[in-house]
Amino acid sequence: MREEILNDMKRDFSKELEYWDWLARKESQLEKAMQVYDEAIKVVPSSAIFRLYIRFLKDAVGHNNGEVPSSGDFVSYNHILMVYDKAESMGCITEDLACEHISCFLQLGRLEEARKLAENLCNGKLSDAVDLWVLRLSVEMRCVTERCGYSSKTGLLSLYEHLENVLLKMTISKAERLWLMALKFFLNQKQYFDKLVELSLVSLIKDGGSDDGFSLSTAIVDLVLEQDGVQSARETYKRFLALPRPGLSMYIDCIELETNLALAGDRKCLLEARKLYESALATYEQDVSLWRNYYTMEIKMGTSETANAVYWRARKLLKDNVALLSSECL
């Protein structure tokens, strides 16, 4: 009777993933449960069934929270790796499964294998997967840090070329984390960092010149300031501001940079801040906060003449919006 019921269920529900997961988990022996999943893969091959299979195996060895497995669990983890391999060979690999596969190698302390796998996956059909690329870069950074034999010029060139192709395909907002990791990874590799700066200019032009929201240009300027000092940072932000219609946020960030330096006593920076305000107002002359901040800066660091000049220009240009200016400032 029991066999008849199970056969009927198999006939009626063999296309349902939940049926196979239930059937496998009711087995008392791990080997028999794995046989059920292996059969399920043949009947309903999909990333979802592989995910259920892998989750079951991780539950079985009791390491679903990222702990390093004990020596007795390595056989089971090797089987998990085999399941990931099978998912890839059957065309069922997804970005999530790929990242899990790499992380599994890392969890086992097999850094070089994780690096090679990440490289292969990023160069395959998942070449546009942002999270996968972020993970790959983190692995590459570990390899360099731990000096595991991967720091050759050829290796860095290959990595950069693939990364460049990916970044050119994506919008800046989509690839935000990838941009930040790439910039930090290549920060001390001037040849490639400079290439990334050039690439960012191309990407910003493609996206319309403005990078309001996540500001790639600001991130680069901050890194250049930290690495090479004020003059290099100034030269860099001027390149970004020369793009078609730079975003107001970029102007504000650059103004903040120069203003902070001016407050520290560098009078040249006050002149640079004024130039930035004037440039920003040429495009955003109706922005009330921009006028207010300009006036406040002149009150703090300028003269009564320069402050009054900003005040009367603001009144003239803002017209109907002049009432929005804070009475405390103007």
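1. Surface. In this predicted model, the protein exposes about 17,300 Å². Of the 330 residues of the protein, 44% count as buried.

2. Secondary structure and contacts. The protein has 17 helices and 0 strands. Among contacts in the protein with a separation of 6 or more, 60% are accounted for by residues 24 or more positions apart.

3. Nonpolar core. How many residues does the largest nonpolar core have? The number is 113, and the residues with the most contacts inside this core are I102, L132, L178, F186 and L196. As general background, nonpolar side chains tend to be buried together in soluble globular proteins.

4. F186 within the core. F186 is one of the residues with the most contacts inside the largest nonpolar core. Once its neighbours within four places in sequence are left aside, F186 is in contact with L156, L159, Y160, L163, Y192, F193 and L196. Of these partners, L196 is also listed among the residues with the most contacts inside the core.

5. Helices α12 and α14. Helix α12 covers residues 216-228 and helix α14 covers residues 248-263; their axes come within 10 Å and cross at roughly 20 degrees. Angles under 35 degrees count as roughly parallel, and therefore α12 is roughly parallel to α14. On the α12 side the contact is made by S217, T218, V221 and L225, and on the α14 side by M250, D253 and L257. The crossing in which α12 passes α14 is right-handed.

6. Helices α15 and α16. The axes of helix α15 (residues 267-283) and helix α16 (residues 288-301) come within 11 Å, and the crossing angle is roughly 160 degrees. Because angles over 145 degrees count as roughly antiparallel, α15 is described as roughly antiparallel to α16. Helix α15 contributes R267, L270, A273, R274, Y277, E278, A280 and L281 to the contact, while α16 contributes L290, W291, N293, Y294, M297, E298 and M301. The crossing of α15 and α16 is left-handed.

7. E272. Helix α15 also holds E272. Is E272 buried or exposed? Its relative accessible area is 7%, and the limit for a buried residue is under 20%, so E272 is buried.

8. C92. The loop between α5 (74-89) and α6 (95-107) is where C92 is found. With a relative accessible area of 9%, C92 is buried. Residues up to four places away in sequence being excluded, C92 touches P45, S46, S47, F50, A87 and L97. The C-alpha atoms of C92 and I49 are separated by 9.4 Å, although these two residues are 43 residues apart along the chain.

9. E112. Where is E112 placed? E112 is in helix α7, which covers residues 111-122. The relative accessible area of E112 is 27%, and this residue is partly exposed; the class lies between the limits of 20% for buried and 50% for exposed. E112 and R142 are 30 residues apart along the chain, and their C-alpha atoms are separated by 10.0 Å.

10. The two glutamates. E272 is buried, whereas E112 is partly exposed. E272 is found in helix α15, and E112 is in helix α7.

Conventions: Residues are numbered from 1 along each chain as its sequence is written. This is a predicted model: local features need pLDDT of at least 70, side-chain atom pairs count only at pLDDT 80 or more; totals for chains, interfaces and linings use all residues. Side-chain values use heavy atoms; hydrogens and water are left out. Helices (H or I, at least four residues) and strands (E, at least two) are DSSP runs, numbered from the N terminus. Buried means under 20% relative accessible area, exposed over 50%, partly exposed in between (1.4 Å probe, protein chains only). A nonpolar core is a set of buried Ala, Val, Leu, Ile, Met, Phe, Trp, Tyr and Cys residues joined through side-chain atoms within 4.5 Å. Contact means heavy atoms within 4.5 Å. Accessible areas come from the Shrake-Rupley method with a 1.4 Å probe; for residues, only the protein chains shown count as cover. Axes are lines fitted to C-alpha atoms, for helices over the stretch in contact, and angles run from 0 to 180 degrees between N-to-C directions. Angles under 35 degrees count as roughly parallel, over 145 as roughly antiparallel, 65 to 115 as roughly perpendicular and the rest as oblique. A crossing is left-handed if the near helix is turned anticlockwise from the far one by less than a right angle, and right-handed if clockwise.
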